[in-house]
Amino acid sequence: MTVNPIERVNTPPVDAKALALREAYKHQPEPFEAEFAALACTHPEACACEDDPSWAAFIARQTALNNLWRQVAAFNAAYPVGTPVIAYPGARPEDCADVTRIETTTRSRATVLGGHTAVVWVNGHGACIALTHIDARPGGAA
């Protein structure tokens with residue numbers, strides 16, 4: 001008779017408090033975020049190379065990407081997961097009169113999507129929304 005090896009594993013009982021702490025820790029800012037945000041190439045003109053014509057375009061792309069990560073770090077520092085927000089999935093009200101407006105809360109930390117857009121996911125919407133289309137809701141709790 002063979003014994004299922006999984007049955008032989010002595011697993012500790014599930015501790016609800018430990019699970020809750022582990023879940024809450026997932027949403028804390030990483031300790032390196034502020035340090036990472038400070039690593040910008042502050043003088044891209046000093047990084048140029050006359051011998052490589054694509055160098056300026058590369059530096060411009062890297063600077064733009066770094067600026068996106070700075071926006072993400074600032075958003076995550078100011079607005080933890082669960083912050084009440086007003087989200088505009090399609091366009092901002094200043095740009096279009098007929099916009100969808102969602103009063104909701106964030107359900108993730110912000111990140112950079114595809115190297116081109118700073119985004120966050122919100123409750124009640126299936127896709128991520130650009131940080132430029134998110135306003136923190138005044139008044140605090142949802």
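Arg101 comes out at 47% relative accessibility, so I logged Arg101 as partly exposed. Glu103 sits at 48%, so Glu103 went down as partly exposed too. I kept in mind that this is a predicted model.

Salt bridges next. How many does a search of the whole structure find? I got two. Glu103 pairs with Arg101, with the closest N and O atoms 3.1 Å apart. Glu103 also forms a salt bridge with Arg137, and there the closest N and O atoms are 3.5 Å apart. I noted Arg101, Glu103 and Arg137 as a salt-bridge network.

Then the sheet. I found an open one of three strands, ordered E3-E4-E5, with antiparallel pairing. E3 (111-113) and E5 (128-130) are its edge strands. Neighbouring strands are turned by 55 degrees against each other on average, direction ignored. E4 (residues 117-121) and E5 pair over three bridges, and I looked up the partner of Val120 in E5: Ile129.

Helix H4 (residues 55-78) packs on this sheet, touching E3 and E4, and its direction makes about 140 degrees with that of E3. I checked its length: 24 residues at 1.5 Å a residue should span 34 Å, and the end C-alpha atoms are 35 Å apart, which agrees. Buried residues of H4 include Ile59, Leu68, Val72 and Phe75, and also Asn66 and Asn76.

Terms used: Residues numbered from 1 in each chain as written. Predicted model: local features only at pLDDT ≥ 70, side-chain atom pairs only at ≥ 80, totals over all residues. Heavy atoms only, no water. Pairing = 2+ DSSP bridges. Helix = DSSP H or I, 4+ residues; strand = E, 2+ residues; numbered from the N terminus. Axes fitted to C-alpha atoms, helices over the stretch in contact; angles between N-to-C directions. Contact = heavy atoms within 4.5 Å. Expected span 1.5 Å × (residues − 1). Buried < 20%, exposed > 50% of the residue type's maximum accessible area, 1.4 Å probe, protein only. Salt bridge = Lys/Arg side-chain N within 4 Å of Asp/Glu carboxyl O.
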